[in-house]
Amino acid sequence: MSYLEYTVKTTPTGLRKILFLNWPLALLLTAVAGVGFLMLYSVAGGSFSPWAEPQMKRYILGFVMMLIVAMIPIWFWRNMAALAYATSMLLLLAVEFFGSVGMGAQRWIDLGFMRLQPSELMKISLIMILAAYYDWLPMNRVSRPVWVMVPIAMILLPVTLVLGQPDLGTAILLLTGGGVMMFVAGVNWAYFAAVIAFGISLVTAVFQSRGTDWQLLANYQYRRIDTFLDPSSDPLGAGYHITQSKIALGSGGWTGRGFMQGTQSRLNFLPEKHTDFIFTTLAEEFGFIGGVSLLGLYTLILVFCVATALSNRDRFSSLLTLGIAVTFFLFLAVNMSMVMGLAPVVGVPLPLVSYGGSAMMVLMIGFGLVQSAHIHKPR
Amino acid sequence: MKRLPRDNADSLRRITRRALILGGAQAAFIGVLGLRMRFMQVEQADQFRLLAEENRIKIRLIPPARGRIFDRNGAVVAENVPSYRITMVREEAGDVDAVIARLAKLVELDPDELDRARRDLQDLRGDTPVTVADRVSWGDISRVAANTPALPGVTPEVGLSRRYPRGADYAHLVGYVGPVSERDLERIDAPDQLLLIPRFQIGKIGLEAQREDVLRGTAGNKRIEVNASGRVIRELDRREGQAGADMQITIDNELQSYAHARLAEDSAAAVVMDCETGDLLACASSPSFDPNLFVRGISVNEYKSLLDNKYRPLPNKAVQGIYPPGSTFKMVTALAALEAGLVDPSETVYCPGHLEVSGRRFHCWKRGGHGNVDLHQSLRNSCDVYYYEMALRIGIENISDMARRLGLGLEHDLPLTSVAAGLTPTKDWKLINKSQSWVIGDSVNAAIGQGFVLTSPLQLAIMTARLATNRSVTPRLIKSIDGVEQPNGHGDELGLSENNLREVRKAMHAVSNNRRGTAYSSRIIEDAFRMAGKTGTSQVRNITAAERARGVTRNSDLPWERRDHALFVNFAPFDAPKIAVAVVVEHGGGGSTAAAPVARDITLQALYGEDPPLSAYPAKDRGRIQSQQERLRRARPTRDGDGSDRA
């Protein structure tokens, strides 16, 4: 685990690092955040308060954080992986016992100046520890059962705690993110095939058991599933979010109703219009063209991440960058599926666009790591 | 541990391979998202846009202004005045009790109304405006408006409310409006959307109810933009409705007021009809009530006192009340006999004071009898025996036929609530309804307007008009709708022999002009306005043999509800009949004393169009008439209507 193998001499030092930053990626992030400011300005009825202005400050802070993280050599971060994971786990446990309850779920610790969501930290820490683990693990052991069990434990530990909060969205992100890390690291296909087969049979069992004595879920959980499958069955209740969101999205048409002309968001029909459902406002006001443009920006970010990951000969850097990119992808995939009615409503924000501090900090720190890997890659 | 370069290279190759597979999967998913977006925003855009419009746009009805009602001279009978009310929306109010408490400091709130409002605020949907105070003053409204920041969810609103400036004068004819009730809605098959507006007012009785179709108008609507909690953001557009049509009725405000005042505290009805057109110039039912009470929402106590009043103020006695016509029916019997050719006007019948018919003795009102009477004398003196004899000659079918020709016993088409048909009995009718066969005594009773015969004051006025004109005059109440003149009731030739009618009219003239006539004391002195009439006194009880033996009990000794009804019908002027009048005073005693003076006064008032000169009255009555005129002038509403200060 030594970093001596890096050709340290060729890495830039001091402020020269700034020149080696992946500037296109930084610009893309800023562009996406800019879309967020625009939409927050619009949903506030053409006002910087209460959302656009704080969001801008947060982004600037996040950008500075990204630069700071990027300046620090990637090998330092690799050495910090275990510590980060341990700290995140402790904080998750702390939240279990001392955390505040918000929106029916225990999620954050109030630090006075900010609210810390350990589950957000865990998103990065888990990627780091898995990247470090597979960096350390010799290639020939990757698919051995014992060495497969270790990362599975690393993933399931936080997932269990997060599910208990309960925060289904983060649990899905951690589980999928971790799984993808294992996949990328080269774990044998057979494991994934087995997990997928098990998943399918579990879903089948859940549905088949409904109404029988050995029913696997509570009735209200089945109703939630029903509502997801057919939101119109409960248009004013649980289906309200999905129905209104789809109406907003669909009514945008090709070019949308125009900036600040979205009736669904302006008249409050949209729930959570500034957080999880902000994409619907964009789609309503800028239409298909606007929505696809944002999707294009996201795709470019992913492309740049994958490109820098593949051009990096350091295994840790490569895995870490791919992991961050996957987390970012999962954010946007789950959120967009949700607002388009393709997935049930779980609380996952649209990355860099939705109003909210925690997710943005975590993502900017993540991109800081990506930048650090980019700057300090072996040349 | 030193990593082998080969291991590292292998590993990186595998990572690259897996990363590309992952990238492909991500790209595929993003492609799916894009396609989904395209499907929703391009293919299904119209459908979703429609849903969005439905979300945001609500259609609110604009209640139309109700058609106004004017009298024949264009004076206001029913109008719409702005009324202010305070409404409250629960969702916007938040703490309802606190807001009401604050409101109560500004405006006096009626406890009953407040209780109802609290219930509604609790039960109805949270975004429904509930009326907290109705008919508040402009001052209250401006105080509330000035304090809106402290009163969330409270809105001062202005609407139109019905007002009847003539008060009790038109309670029975025009009726009143009131809020739509559950019962109203059940009655109507396909209710107008308007009726679903809370507290929308519709006609409840009388003209207001019968011509609701014309008066209501059609709803306009406005499209408003609302937000998710139903708060109105702005009005997008509005389409004004069609106001209800204004209506002019045939009644003369002044004459109607006079009739009401003249009937005063009696339980009575009077109808004045234009002989030429059938126009009802006055149609009074006494006692009356203030219809404005019902518009405002009558209190339980007020309503109970109206119900408990033994003079029954609520029904319209002029068209709903049916009474035995008594001697006013004698013209019918006389004409029936004359037309049948079974009696000659000059033929005399001997009246000994009674007539034996199949073992039963029928008495004349004059115990000593009238001696020999011909047709003229029989009407002038109202001899009963003469008509008993006629009944025996011509039979009930002839009498009832003639009664129907003269407008009795059938329901006239008037836009009023429960217009009574009355009854002109026939043998079949008795067989079907009483399961008894007709006996000759029934005919004898019917001949003098007793027994089964029942008529309304309206029908008596029609009968008199037809006698005066020999045309089938029919009543008209609505003169014009929206400026369009309605067909009048001039009527076709009745086809009665003019000679026969002349005999009857001459006899009626004698009733109120010959010193031996039963209504001589109520004569008109003014030659141009001489009237021809007939008194009637109809029994509402059987006189027992014991009573007869003691001498007929005087009406004033009987309890009110057992006294005779007093009736009088007349037309005037005799030479060129213009108006026909019928007056019924329930349990008033004798027709000549209780009804004839009233009919005479109303007739003069109608003919002069104002308080008549004292010279029109018999000299010895003038002093009394003068003080009566003064008293009545004070009792009547002023010409331009009072009550403008009534809220």
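Strand E22(B) and strand E23 (residues 579-585) of chain B pair in the antiparallel sense, over 7 bridges. Pairing here needs at least two DSSP bridges between the strands. Helices (H or I, at least four residues) and strands (E, at least two) are DSSP runs, numbered from the N terminus. The two strands form a hairpin, with 6 residues between them. Ala572(B) stands opposite Ile579(B) in E23(B).

A word on the source. This is a predicted model: local features need pLDDT of at least 70, side-chain atom pairs count only at pLDDT 80 or more, and totals for chains, interfaces and linings use all residues. Residues are numbered from 1 along each chain as its sequence is written, while chains are lettered from A and ligands numbered from 1 in the order in which they are written.

Back to E22(B). It spans residues 565-572. Strand E21 (residues 532-538) of chain B also pairs with E22(B), antiparallel, over 7 bridges. There, Thr535(B) has Phe568(B) as its bridge partner.

How many residues of E22(B) are buried? The count is 8 of 8. Buried means 20 or more other C-beta atoms within 10 Å of the residue's own; exposed means 12 or fewer; partly exposed is in between; C-beta atoms are placed from the backbone. In a regular strand, side chains alternate between the two faces of the sheet. Here His565(B), Leu567(B), Val569(B) and Phe571(B) point one way. Ala566(B), Phe568(B), Asn570(B) and Ala572(B) point the other way.

Now the whole of chain B. It has 22 helices and 23 strands. Of its 647 residues, 44% count as buried.

Next, chain A. Helix H7 (residues 168-185) packs with helix H13 (residues 315-339) at about 140 degrees, axes 9 Å apart. Axes are lines fitted to C-alpha atoms, for helices over the stretch in contact, and angles run from 0 to 180 degrees between N-to-C directions. Contact means C-beta atoms, placed from the backbone, within 7 Å. Among the residues that meet are Gly169(A) and Gly177(A) from H7(A), and Gly323(A) and Phe331(A) from H13(A).

Last, Leu342(A). It sits in the loop between H13 and helix H14 (357-375) of chain A. Why is Leu342(A) partly exposed? Because 14 other C-beta atoms lie within 10 Å. Leaving out residues up to four places away in sequence, Leu342(A) touches Ser337(A) and Arg36(B). Ile242(A) is 100 residues from Leu342(A) in sequence, yet 9.7 Å away in space, C-alpha to C-alpha.

How values were computed
Two residues are in contact if their C-beta atoms, placed from the backbone, lie within 7 Å.
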